[in-house]
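Please read each point beside the sequence and the coordinates.

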Amino acid sequence: MLTNKVAVDEAPVGVNADAKPRKKRSQMHDVWKRFRKSRTAMFGLFIIIALIILALSAEILAPADAINPGYDIQDLGNTFAPPGGEHIFGTDNFGRDIFARIAHGARISLYVGFVVVSISMVTGVTLGALSGYYSGIIDNVIMRIIDILLAIPFLLLAVSIVAALGPGLRNVMIAVGVAGIPGYARIVRASVLSVREQEFIEAARSVGANNFRIITRHILPNCMAPIIVQATMGMAGAILSAAALSFIGLGIQPPQPEWGAMLAESRRFMRDHWHMVMFPGVAIATVIFGLNMIGDGLRDAFDPRLKK
Amino acid sequence: MPENTAQASNEALLDIQDLSIHYITEDGTVRAVNNLNLSLKRGETIGLVGETGAGKTTTALGIMRLVPDPPGKIVGGRINFAGEDLTQKSDAAMRNVRGKRISMIFQDPMTSLNPVIPVRDQIAEVILLHEKVSAAEALAKAEEMLLKVGIRSERAREYPHQFSGGMRQRVVIAIALACNPELLISDEPTTALDVTIQAQVLELMKNLKREFNTSMIMITHDLGIVADICDKVAIMYAGSVVEIGDKYDLFRNPKHPYTIGLFNSLPDIEKDEDSLKPIKGFMPDPMDLPSGCPFHPRCDVAKPICMQAAPSEYVNVSENHRVKCLLFSDTTGGE
């Protein structure tokens with residue numbers, strides 16, 4: 001009778017009448033389903049998608065002319081134009097269209113966010129995984145380095161890195177990226193510590209998998225939830241930090257339209273020409289808001305205890 | 001391979017001699033396995049029976065060389081597997097043994113599969129690790145293995161959480177048998193399953209074992225399972241085998257007081273009993289084993305000498321049945 005049961009299950013595909021096609025349901029699939037239910041998260045996603053479209057179409061919305069790129073077309077006869085009309089966000093002290101600069105600035109911000117997150121995520125995840133997997137001396141050495149990084153105030157660290165390497169976008173990204181490493185390393189280490197004790201890791205070892213394979217294929221995929229959340233939130237932080245560094249003059253150099261640099265330039269005219277400060281400021285706030293919304297939504301979607 | 005096994009069927013595939021595994025901690029040394037002896041022929045199934053804490057799982061992990069180190073250490077003995085001493089092998093060499101020549105099935109199928117990898121890919125992983133095949137061939141073979149354990153191929157791409165406990169344990173079995181290992185170690189494979197599923201899984205294991213001519217170590221505390229699928233039984237107490245023998249010999253004629261106690265603690269449906277007859281006392285603390293025979297504080301028939309001397313030699317009860325107890329050794333005059 002028992003053998004019969006097995007035999008029934010073994011019936012070839014198509015013969016079995018109740019063989020309904022089943023959907024492949026990965027963890028990511030479930031997460032997306034839960035994510036979609038959160039209105040705020042979807043709103044954040046909408047903001048970021050809109051921003052990506054804006055950044056991608058910057059060349060079309062504000063094309064370059066014969067001499068200058070689209071963000072640096074000056075019209076010295078029409079400086080400080082208020083919003084509306086031909087220039088929907090108005091013009092700045094050189095008569096440049098602020099909307100064009102914001103659209104081009106979106107490219108820089110997203111680029112900075114992406115590169116910074118890549119730098120800190122790759123380094124942080126590697127360090128955290130090694131530290132968590134091989135406890136002992138390796139763990140101690142790595143975590144003390146991380147502690148040292150954490151002990152230096154972020155702005156001081158960034159200023160010294162930029163001071164050593166010189167100002168400019170690339171160095172700002174390195175500075176902000178390095179400053180983000182500890183966050184990833186600690187989160188990943190904590191998850192690895194809990195995942196490596198699970199039975200399926202022992203099972204993986206029992207089929208002859210080596211350490212590298214166990215870390216990359218079995219442990220890290222199970223630590224993805226906190227890493228993704230941290231990356232989303234971290235991207236917001238990175239954009240904000242890069243804007244702050246540009247604001248104090250360490251980042252992007254003029255005439256590049258970085259939002260933080262735009263804020264810094266327009267500070268002088270704030271009293272008389274509100275729109276020059278307003279739009280870059282709103283742009284920064286919006287993208288940070290959107291990314292944090294997504295981050296929160298993902299955190300909830302990844303946490304099955306919050307399932308309703 | 002088949003003619004090879006036929007040739008070697010008389011010699012032992014696995015021969016463990018005086019194996020000792022200790023966990024060395026700051027609070028003291030846990031003597032989990034002490035001078036354990038065990039041997040197994042090709043195609044044979046041995047049941048490793050004992051209470052929780054008797055060292056069954058540590059023995060299994062020891063054979064796989066997967067005892068967590070630190071704190072665990074194989075402090076003595078040999079594990080001869082097909083003529084080679086596994087305790088002397090390098091880590092890299094052991095990785096080629098694990099999964100390919102010796103496989104292990106873990107107790108809880110709920111936790112022994114990786115939740116983020118489809119089951120088919122988890123089976124293919126073993127095949128890819130040990131056989132020179134392409135990824136596509138490995139996946140095809142994985143689906144074949146799933147069919148063998150009774151899982152239809154349209155479910156192959158699903159994730160472990162989409163399967164029931166019994167189905168998952170079948171997947172685990174498929175992983176364990178994917179490379180056709182010579183030895184399969186099952187660590188209480190059915191404890192986490194309910195009885196009907198348990199029977200199905202055992203039946204499946206029995207059939208596959210026959211098909212692949214695999215030797216098996218079945219770790220269990222269920223004498224019913226032993227009676228069902230094992231050829232031999234080894235009774236473990238405090239880290240060593242106290243009685244070993246052919247299933248029929250041992251079940252009909254248990255000798256060691258501990259074995260007798262185990263059988264007595266089973267409820268008998270024929271008799272109208274009000275209470276079970278458990279063995280008195282508890283398993284000794286492996287950090288502080290009693291002097292002499294480790295079982296003497298719980299033994300009803302212990303003699304004075306049992307407190308001083310530990311039995312070291314096995315006494316043959318019959319050709320296929322040996323016991324390690326001073327009651328039967330010549331120095332104390334036997335039974």
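1. Helices (H or I, at least four residues) and strands (E, at least two) are DSSP runs, numbered from the N terminus.

2. This is a predicted model, in which local features need pLDDT of at least 70 and side-chain atom pairs count only at pLDDT 80 or more, while totals for chains, interfaces and linings use all residues. Residues are numbered from 1 along each chain as its sequence is written, and chains are lettered from A and ligands numbered from 1 in the order in which they are written.

3. Helix α6(B) is mostly covered, with 11 of its 13 residues buried; a residue is called buried if 20 or more other C-beta atoms, placed from the backbone, lie within 10 Å of its own, exposed if 12 or fewer, and partly exposed in between. The buried residues of α6(B) include B:M167, B:V171, B:I175 and B:L177, and also B:R168 and B:R170. Among the elements that cover the buried residues of α6(B) are β6, β7, α4 (119–130), α5 (135–148) and α7 (195–212) of chain B.

4. An open sheet of eight strands in chain B has the order β6-β7-β8-β3-β9-β10-β12-β11, with mixed pairing, where two strands pair if DSSP finds at least two bridges between them. Strands β6 (102–105) and β11 (315–318) of chain B stand at the edges with a single partner strand each, so one side of each is left without a neighbour in the sheet. The twist averages 20 degrees from one strand to the next; axes are lines fitted to C-alpha atoms, for helices over the stretch in contact, and angles run from 0 to 180 degrees between N-to-C directions.

5. How many residues of β9(B) are buried? Six of its six residues are, and the strand is described as mostly covered. B:K232, B:A234 and B:M236 point one way from β9(B), whereas B:V233, B:I235 and B:Y237 point the other way, and all are buried.

6. On the pairing of this strand, β3 (residues 45–49) of chain B and β9(B) run in the parallel sense over four bridges, with B:I46 opposite B:K232. Six bridges join β9(B) to β10(B), which run antiparallel, and B:V233 stands opposite B:G245. The two strands β9(B) and β10(B) form a hairpin with two residues between them, and B:A238 in the turn has a positive phi of about 50 degrees. Helix α10 (residues 257–264) of chain B lies across β9 (232–237) and β10 (240–246) of chain B, at about 105 degrees to β9(B).

7. A further open sheet of chain B has four strands in the order β2-β1-β4-β5, with antiparallel pairing; its edge strands, β2 (28–41) and β5 (84–85) of chain B, each pair on one side only. Strand β4 (residues 72–81) of chain B and β5(B) are joined by two bridges in the antiparallel sense, and B:F81 has B:E84 as its bridge partner.

8. In chain A, helix α11 (residues 224–247) and helix α12 (residues 259–266) pack at an angle of about 35 degrees, with their axes 7 Å apart. The residues of this contact divide into eight nonpolar, two polar and no charged; Ala, Val, Leu, Ile, Met, Phe, Trp, Tyr, Cys and Pro count as nonpolar, Asp, Glu, Lys and Arg as charged, and the others, Gly among them, as polar.

9. The contact between the chains takes 29 residues from chain A and 36 residues from chain B. Helix α9(A) gives the most to the side of chain A that touches chain B, with six residues.

Note on methods: Two residues are in contact if their C-beta atoms, placed from the backbone, lie within 7 Å.
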